[in-house]
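Hi,

Here is the structure I promised to pass on. Have a look at it first, and then read my notes below.

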Amino acid sequence: MSDNQEKAVDSNRRNLLIATSVAGGVGGVVTLVPFVSSLQPSERAKAGGAPVEADISGLKAGQMMTVSWRGLPVWIVYRTPEQLASLSKVTSELADPDSKETFSYPMPDYAKNEFRARESRKEMLVVVGICTHLGCIPSGPYAADTLPALGHDPGFLCPCHGSTYDMSGRVFKNKPAPKNLDVPRFMFVNDNKIVIGKDEKGEA
């Protein structure tokens, strides 16, 4: 084989090697793009953590509705004047009447009051309906004098282990549940709509 022929073979090999490397690199990048994309949150996952808007126009005094936010049941309770009046009567019976200790979410400033609600709409209670003991879902609200576990007070009962909560979602003393029900961030869009998981300071 002449020198010219050997140089031509070497050049062809070099070109083939370069072409193969480039193709492999492009293939690797193409393969990597969907993999990197898969590390990003899906639209469904984003939606799962997004604020939720609820229509409360049909909610009447004494009624409760439940909406799902981040896979959690959030109660919106339209409390009656009698239910609101019961809050100050049970203060001495509560484990943490001022909600100084929180469970999973920090207490919004506007809910740091007896009603655990916005002063302008204090009749509207918004809490995560998950018992702070082992995660069961309490039932209620029960009217006063209808449930022995609550005595003369209205409130909620966790059927799993007997924890009881007042009409602000505050746990009574000497119960398995260690803390009050969570109050998530929320705000009123107008008189008929409420947003869960978001307030003036942003999303939860």
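**What I found**

In this chain, 56% of the contacts with a separation of 6 or more are between residues 24 or more positions apart. Please keep in mind that this is a predicted model.

First, the overall layout. The chain has three helices and eleven strands, and their order along the sequence is α-α-β-β-β-α-β-β-β-β-β-β-β-β. Of the 204 residues, 36% are buried. The chain exposes about 11,600 Å², and 55% of that comes from carbon and sulfur atoms.

Now the inside. The largest nonpolar core has 37 residues, and those with the most contacts inside it are Val 74, Ile 76, Tyr 165, Phe 186, Ile 194 and Ile 196. Two or more residues each come from strand E2 (64-69), E3, H3, E4, strand E8 (186-188) and strand E9 (193-196). Which of these elements gives the most to the core? That is E4, with five residues. Apart from this core lies another one of six residues, including Leu 94, Leu 150, Leu 157 and Phe 172. As a rule, nonpolar side chains in soluble globular proteins tend to be buried together.

One thing to click on is Val 74, whose bridge partner in E4 is Val 128. Val 74 is also one of the residues with the most contacts inside the largest core.

E3 pairs with E2 as well, again antiparallel, through six bridges. Here Met 65 stands opposite Ile 76 of E3, and Ile 76 is another of the residues with the most contacts in the largest core. The hairpin of E2 and E3 has two residues between the strands, and Arg 70 takes a positive phi near 55° in it.

Next, helix H3, which spans residues 81-89. Which of its residues are buried? They are Gln 83, Leu 84, Ser 86 and Leu 87. These four lie on the same side of H3, because they cover an arc of only 150° around the axis. The buried residues of H3 pack against strand E3 (72-78) and strand E5 (139-142). On the face turned away from the buried side you will find the exposed residues Pro 81, Glu 82 and Lys 89.

Last, a sheet to look at. It is an open sheet of three strands in the order E1-E9-E8, with antiparallel pairing. Strand E1 (52-55) and E8 are at its edges with a single partner strand each, so one side of each has no neighbour in the sheet. On average, neighbouring strands here are turned by 20° against each other, direction ignored. E1 and E9 run antiparallel and are joined by four bridges; Glu 53, for instance, has Val 195 in E9 as its bridge partner.

Cheers

Key: Residues are numbered from 1 along each chain as its sequence is written. This is a predicted model: local features need pLDDT of at least 70, side-chain atom pairs count only at pLDDT 80 or more; totals for chains, interfaces and linings use all residues. Side-chain values use heavy atoms; hydrogens and water are left out. Buried means under 20% relative accessible area, exposed over 50%, partly exposed in between (1.4 Å probe, protein chains only). The arc is that of the directions from the helix axis to the C-beta atoms. Contact means heavy atoms within 4.5 Å. Accessible areas come from the Shrake-Rupley method with a 1.4 Å probe; for residues, only the protein chains shown count as cover. Two strands pair if DSSP finds at least two bridges between them. A nonpolar core is a set of buried Ala, Val, Leu, Ile, Met, Phe, Trp, Tyr and Cys residues joined through side-chain atoms within 4.5 Å. Axes are lines fitted to C-alpha atoms, for helices over the stretch in contact, and angles run from 0 to 180 degrees between N-to-C directions.
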